[in-house]
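The sequence and structure are shown first.

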Amino acid sequence: MKYEELSTLEVSFNQLIDTLLLKKAATEEFTVKLNSERSQFTRFNHAKVRQTGIVADGWIDFTLMQDQRSSFRQIPFTGNWEIDWQVTYKALQELREELPLLPLDPYLVLPLGTNTSREIHTGNLLVEEAVVPEVLESVAELDFTGFYAGGTVVNAYADSCGQKHWFATDSFTLDYSIFNSEGQAVKGIFAGSDWHQQAYIHKIQEAKKQLELLARPIKQLPRGQYRTYFAPAAVADLLMMLSWGGTSEADLQQGNSALAALSRGEKQLSSKFNLKENFQRGTVPRFNEWGEMAALELPIITQGVLVNTLINSRTAKEYQKTANGANSYESLRAPEISPGSLEFDRILPSLDTGLYVSNLHYLNWSDRPTGRITGMTRYACFWVENGEIIAPIDNLRFDDSLYRFWGENLLDFTNFQEFIPEVGTYEGRQLGGSMVPGILVEDFIYTL
């Protein structure tokens with residue numbers, strides 16, 4: 001998005017808020033949340049373009065509050081003041097008529113404070129006409145399938161109390177797979193704010209090496225317990241399970257958290273396990289749905305001990321806790337697991353004999369109170385003997401507890417981390433991701 005376009009959006013958004021402040025009644029409060037983007041989406045199949053186009057989109061979540069009641073409308077945002085105000089004013093009138101009919105909300109969070117912020121992160125993205133040649137140059141002879149999404153994403157917030165935030169960032173993700181003639185695949189993600197062609201070429205070269213290994217005969221493994229190395233992409237999948245019944249204070253209070261035993265001190269994870277929210281990378285806004293700012297860093301688990309949960313203002317009000325800027329879902333937004341001491345060149349020798357797992361999928365809780373997670377291995381996963389990759393494996397189902405693989409059976413984390421981005425595009429491009437190392441664990445349980 002050009003600077004002029006971005007500036008026009010910001011001016012129009014500010015004008016909309018100023019007008020709402022003039023039009024609101026003395027007893028009314030409101031919040032306005034903006035999501036906008038201008039993105040290029042290009043889909044590849046068999047190293048050819050299947051679909052490509054530019055999406056310019058924007059919408060507002062407009063919430064009106066009065067007399068301990070609230071309701072909202074989601075309306076389009078174009079950046080054209082006259083159009084946007086007409087739609088917003090109509091929504092205001094409808095919400096005024098609707099509010100008296102709604103039940104009281106005892107835990108309603110009203111706008112409070114005067115937080116303001118403005119962050120604009122510019123990157124060096126590929127120009128639109130360069131995406132196809134730059135992506136396909138290194139994979140022309142391969143069965144390459146992928147999805148490129150890149151451009152500018154804007155998140156903004158304002159309310160009747162005077163809080164206002166503006167966050168804009170340039171970013172891209174290339175989520176791809178390379179297949180062999182047997183239908184096996186190596187999966188990779190290349191992402192960031194600056195496109196570096198040599199770094200992308202290096203990723204493809206590494207994928208080619210794994211593709212050659214996949215050509216070996218598949219080794220059938222019986223169910224059992226195996227020493228396992230999880231690459232960072234797999235670790236990120238395990239970590240994000242904590243956003244679904246893990247680190248949320250509301251889930252903890254309601255008995256839905258897998259970390260309940262850790263919270264009560266009945267269990268402890270490995271002293272090597274350290275998890276925090278880290279907003280210093282600037283990949284995702286620090287403000288939440290109420291305009292509250294999270295700390296730049298918030299430790300969650302320190303040396304295996306739960307030291308903080310994620311608490312939003314609604315949960316704080318209901319359970320008499322202190323809010324810490326969590327979002328409405330109390331999910332991880334900028335998680336980071338600290339690295340360990342395992343060097344890249346020592347991964348296979350340290351694994352010795354066991355499984356090298358590149359990716360996981362279909363994760364779910366199999367027994368949340370005990371922290372048990374089930375799922376399946378996916379893509380380039382290998383059997384290793386005496387520190388050497390021997391053969392690819394068929395997909396395996398696992399079922400193991402985080403109190404084991406992040407606890408007593410955790411051997412080490414790698415001394416390097418990788419940023420694993422969010423690649424979702426449902427309703428709009430998602431921001432953020434996980435900064436995680438690889439992990440080596442003992443006796444991981446495979447059930448099928």
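With which side chain does the side chain of serine 39 make a polar contact? The partner is the side chain of arginine 429, at 2.9 Å; a polar contact is a pair of N or O atoms within 3.5 Å, where within protein one must be able to donate a hydrogen and the other to accept it, and residues adjacent in sequence count only if both atoms are side-chain atoms.

The model is predicted, so local features need pLDDT of at least 70 and side-chain atom pairs count only at pLDDT 80 or more, while totals for chains, interfaces and linings use all residues. Residues are numbered from 1 along each chain as its sequence is written, and side-chain values use heavy atoms, with hydrogens and water left out.

**Serine 39**

Serine 39 belongs to strand β1, residues 29–45. Strands (E, at least two residues) and helices (H or I, at least four) are DSSP runs numbered from the N terminus. Serine 39 counts as buried because its relative accessibility is 2%; buried means under 20% relative accessible area, exposed over 50%, and partly exposed in between (1.4 Å probe, protein chains only). Apart from neighbours within four places in sequence, serine 39 is in contact (heavy atoms within 4.5 Å) with Gly53, Ile54, Val55, Gly150, Gly151, Thr152 and Arg429.

**The two domains**

The domain assignment gives domain 1 (3–214) and domain 2 (224–446), with bounds that come from an automatic or database assignment. Their C-alpha centres are 25 Å apart. Contacts join 43 residues of domain 1 to 31 residues of domain 2. Between them the domains bury about 3,000 Å², of which 63% is on carbon and sulfur atoms; buried area is the accessible area (1.4 Å probe) that two parts lose on being put together, summed over both. On the side of domain 1, Tyr107, Val109 and Leu213 lose the most area to domain 2, together 20% of what that side buries.

The interface of domain 1 and domain 2 holds 2 salt bridges, each defined as a side-chain nitrogen of Lys or Arg within 4 Å of a carboxyl oxygen of Asp or Glu. A salt bridge also joins the side chains of aspartate 105 and arginine 314, at 2.9 Å from N to O.

Several elements, including β1, β2 (48–66), β6 (164–179) and α4 (197–214), each supply at least two residues of the side of domain 1 that touches domain 2. The largest share of that side, 10 residues, comes from β5.

**Residues in loops**

| Residue | Phi | Relative accessible area |
|---|---|---|
| Aspartate 67 | about 50° | 54% |
| Glutamate 427 | about 70° | 52% |

Most residues other than glycine have a negative phi. Aspartate 67 sits in the loop between β2 and β3 (69–76), whereas glutamate 427 sits in the loop between β19 (410–421) and β20 (433–446). Aspartate 67 is exposed, and glutamate 427 likewise counts as exposed.

Beyond neighbours within four places in sequence, asparagine 180 is in contact with Leu211, Leu214 and Ala215.
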